[in-house]
Amino acid sequence: MFPSSLASNFQTIQCPQRGECRRVFCLFSHNQAQNATPSLNIPLQQPVPSTSTAQPPSLVPTKRAAPPSPVRNGVVPQQGPPRKLQKVAGPHRAFPVPTQVAYTENGVPLLRTSPALSQVPVPVRQTMLKTLFDTFKTLYEHMLSSYPTLAAEHALKQEEEVYGKSTKQTYRVAVIQCVAALKRREKPTSITHLSIGTEDEIKAKREAAESLSALQLSRQLLEPFIHSTEDLKTWGYITEIPEGIGGREPSLEGKTLKCERCSQPFQVKRMEEADECRYHWGKPLSTRSNGERVRIYTCCSRPVTEGDGCVHGPHVFYESAPPDLHARHAFSFLKPPDPNIRALEVAAMDCEMIYTTGGMRVARVSMVDGAGREVFDEFIRMDEGVHVVDYNTRFSGVSQENHATATLSLASARKALDSLINTDTILLGHALDNDLKTMRIIHHRCIDTALLFPHRAGPPYRRSLKDLVREKLGKIIQAGTGDVSVGHSSVEDASATLDLVKWHILNTRKPSTTSA
């Protein structure tokens, strides 16, 4: 039985069965004057005969039902992520999702460590982590605008390094000593600065740099890595002097050719008279947008399907066929060894090219010896009758101002190099075939870092020098900002190529399979 106080509350509620109610003692009101009184709106079970087999009335659930999902455009959205995005490791096990770094309100990273597995109390480690974070934040104050999470990432790594080398008793002292060492570092101004990284990372970089510096490249050391003539041919090297008279047609000014940039026919003209071309200087890149695969240009992120370019410049042309290159300027082999000239055993070379009325021609030549010392760096003026069309400064680093200082012609530069290199010299370079072509040099003793570190897609694809140097050496080269006034430095590229060859020797037990 209900208590009388509770039963009286039902007397204010109109009976849901109204006139059809057959209960002798009904808890609800049958007063017609209370029709306006709202009901509980709870469906009651129909009365059942009083028998021994009657089931007890069903209970009202204690939890509220979830509110209906909002309907948009006639479609009810799913609760939780769509099924196709729910990765599973098995038929009934959820795939583990990697945790991301969590931060306090002040930006201090939080340790993701189980207290039961830590020999040092986690609150103590968190306090020491904050100290490391504050120190890295001060050290990287010039870098945080470009790399806002760098201090937090390195603080976490540094704390883990110290913890791994310490005991419960020595942990605090070790962190304090580490903080003191961090404070003695020079504040970096670039991501490649030696002050960037944890103590172990700095030590590893220092040891790697010392190993590279200590390694002296010699002809005997590099002999196993020289590429065979067959490999050179596979990668586009010119190994024999092309047919025809060399240099018979230095310039194609006035001829109608296809533009290298926009693929439209044009008349070859010097810079002052050249017609305007609108083009993309970047490369097409496949990516996904709104779930669809699209190709965009790396220069402006515009779809390849759009016809118009993103920058203006003159029409230019590029030649690669050996007979055509030979017709602009003659190819020749290096000189044989001269007992009166002490040529280099090893040399790394890099060239910068510009567009001219004679195709793409060399505008700067740089060379370093096996120890990394600069032995040649000169701007090259054009041959008689050949005129500049575009300095291509964005990529060449050559401007009209610095090219105006050139005093050597290509023939004069070749003659000057005869005192430095000969047929016995081992030449190093990245995509060295391009440098040799623009210098009109035929040489068979070559080591190309594009072949030492091949692209995973195989020939003719090649990895860029910039990516290789960043991956293998931890350095940044060609660090232009996209401004047309910033380009490559051939001296920097030649030195980087030399270091890549050293890295390959130090980290490779056997010569590459493409070696002779």
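Predicted model: local features only at pLDDT ≥ 70, side-chain atom pairs only at ≥ 80, totals over all residues.
I began with Arg462, which forms a salt bridge with Asp433, their closest N and O atoms being 2.8 Å apart. I counted a salt bridge when a side-chain nitrogen of Lys or Arg is within 4 Å of a carboxyl oxygen of Asp or Glu. Arg462 sits in the loop between helix H13 (449-452) and helix H14 (465-473), and Asp433 in helix H12 (residues 432-439), so the pair ties together parts that are 29 residues apart in sequence. My helices (H or I, at least four residues) and strands (E, at least two) are DSSP runs, numbered from the N terminus.

Residues are numbered from 1 along each chain as its sequence is written, and side-chain values use heavy atoms, with hydrogens and water left out.

Next I looked up burial, taking buried as under 20% relative accessible area, exposed as over 50% and partly exposed as in between (1.4 Å probe, protein chains only). Asp433 is buried at 3% relative accessibility, and Arg462 is partly exposed at 27%.

How many salt bridges does a search of the whole structure find? I got 24. One of them joins Arg328 and Glu249, with the closest N and O atoms 3.8 Å apart. Arg328 is in helix H8 (residues 322-328) and Glu249 is in the loop between helix H7 (229-234) and strand E1 (256-258), so this pair ties together parts 79 residues apart in sequence. Arg328 counts as buried at 6% relative accessibility, and Glu249 as partly exposed at 28%.

I then checked Arg270, whose salt bridge with Glu253 has its closest N and O atoms 3.0 Å apart. This pair links distant parts of the chain, with Arg270 in the loop between strand E2 (265-267) and strand E3 (276-279) and Glu253 in the loop between H7 and E1, 17 residues apart. Both are partly exposed, Arg270 at 26% relative accessibility and Glu253 at 31%.

**Rings**

For aromatic pairs I used rings of Phe, Tyr and Trp (its six-membered ring) with centres within 6.5 Å; planes under 30 degrees apart are stacked, over 60 edge-to-face and the rest tilted. The whole structure gave me four aromatic pairs. Tyr163 and Tyr171 pair edge-to-face, at 6.3 Å centre to centre and 75 degrees between the planes. Tyr163 is buried at 17% relative accessible area, and Tyr171 is buried at 1%.

I also found the charged end of Arg125 over the ring of Tyr163, 3.7 Å from its centre. My test was NZ of Lys or CZ of Arg within 6 Å of the ring centre and within 35 degrees of the ring normal.

**Helix H4**

Which residues of H4 are buried? I listed Tyr171, Val175, Cys178, Val179, Ala181 and Leu182. They cover an arc of only 160 degrees around the axis, which puts them on the same side of H4; I took the arc from the directions from the helix axis to the C-beta atoms. On the other side of H4, Ile176, Gln177 and Lys183 are exposed. The cover over the buried residues of H4 includes helix H2 (122-139), helix H3 (150-165) and helix H5 (199-214), with contact meaning heavy atoms within 4.5 Å.
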